[in-house]
Structures are given as structure tokens and as C-alpha cells.
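Take a look at the structure below, then let's walk through it one question at a time.

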Amino acid sequence: MIEDSSVVCPACLECDGIKIWTRPYKNKTRTIFLSEEESYVVILEKKKSFYLLITAFYIDDENEMNDFLNSYEKCKN
């Protein structure tokens with residue numbers, strides 16, 4: 001599922017450029033936040049009443065960035 005990150009959030013006016021999508025992972029749902037401009041990704045996993053931070057890191061490899069962008073495009077379609 002793709003979330004519309006173009007909606008203006010009253011708490012944050014600097015969210016442009018953040019790609020947000022969800023994907024299944026081992027019977028769980030993970031939400032990915034990708035900043036292509038900053039080369040940074042955050043991955044959260046949905047639990048019953050909260051989200052758990054799985055990882056967050058700088059992407060320094062072009063192939064890894066392409067993998068995330070391909071995942072985003074697959075979810076978008």
C-alpha cells in the first residue's frame with residue numbers, strides 16, 4: 001500500500017520527497033520511509049498497538065537505493 005506523502009501535515013512542512021509504502025514481511029506488515037534526496041531509509045514494523053523500529057540507515061550504495069526504489073514502484077502498481 002502506498003501512502004500519499006504529498007498531503008501537508010500540520011506538524012511537519014518538510015515531508016516532500018519522502019516515499020512511504022508498506023509491504024508484508026514474515027506475516028507482519030513493514031512500513032518503509034525512504035528519502036531519496038538524503039539517501040536514508042527507516043523501516044518500522046506494525047505490532048498490535050504500536051510500531052517497532054526495525055532499522056534506519058544511510059544508503060551509500062547505488063544498487064541498494066535502486067532496490068528500495070524498485071520495491072516502491074512495485075507497491076505503487
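Q: In which helix is the place of E62?
A: Quick heads-up: this is a predicted model, where local features need pLDDT of at least 70, side-chain atom pairs count only at pLDDT 80 or more, and totals for chains, interfaces and linings use all residues. Residues are numbered from 1 along each chain as its sequence is written, and side-chain values use heavy atoms, with hydrogens and water left out. Helices (H or I, at least four residues) and strands (E, at least two) are DSSP runs numbered from the N terminus. E62 sits within residues 62-76, which is helix α1.

Q: Is E62 buried or exposed?
A: The cut-offs go like this: buried is under 20% relative accessible area, exposed is over 50%, and partly exposed is in between (1.4 Å probe, protein chains only). E62 has a relative accessible area of 63%, so the label is exposed.

Q: What kind of charge gathers in the surface patch of D60, D61, E62 and D67?
A: A patch takes residues with over 30% relative accessible area and no salt bridge, joining like charges within 9 Å and nonpolar side chains (Val, Leu, Ile, Met, Phe, Trp, Tyr) within 5 Å. Lys and Arg count as positive, Asp and Glu as negative, and His and the chain ends are not counted; each charge is placed at NZ of Lys, CZ of Arg, CG of Asp or CD of Glu. The charge gathered by D60, D61, E62 and D67 is negative.

Q: What pattern does the protein chain follow along the sequence?
A: There are 4 strands and 1 helix in the protein chain. Going along the sequence, the pattern reads β-β-β-β-α.

Q: How much accessible area do F50, L52 and I54 have together?
A: Accessible areas come from the Shrake-Rupley method with a 1.4 Å probe, and for residues only the protein chains shown count as cover. F50 lies in the loop between β3 and β4 (51-58) and is partly exposed at 46%. Along with L52 and I54, F50 forms a nonpolar surface patch, and the total is about 250 Å².

Q: How far apart in sequence are the parts that E36 and K19 tie together?
A: A salt bridge puts a side-chain nitrogen of Lys or Arg within 4 Å of a carboxyl oxygen of Asp or Glu. The side chains of E36 and K19 meet in one, 3.2 Å from N to O. E36 is in the loop between β2 and β3 and K19 is in strand β1, so the parts they tie together are apart by 17 residues.

Q: Is E45 buried or exposed?
A: E45 makes a salt bridge with R30, with the closest N and O atoms 2.8 Å apart. E45's relative accessible area is 5%, so E45 counts as buried.

Q: Which residues do salt bridges with shared partners join into one network?
A: E45 and K47 also meet in a salt bridge, with 2.9 Å from N to O. Through shared partners, the salt bridges make one network of R30, E45 and K47.

Q: How far apart in space are P24 and E45, C-alpha to C-alpha?
A: P24 lies in strand β1 (residues 18-25) and counts as exposed at 71% relative accessibility. P24 and E45 are 21 residues apart in sequence, and their C-alpha atoms are apart by 9.5 Å.

Q: What is the phi of N27, roughly?
A: Most residues other than glycine have a negative phi. N27, in the loop between β1 and β2, isn't a glycine, yet its phi is positive, at about 65°.

Q: Is S39 buried or exposed?
A: S39 is another non-glycine with a positive phi, about 55°. S39 is in the loop between β2 and β3. Its relative accessibility is 17%, so S39 counts as buried.
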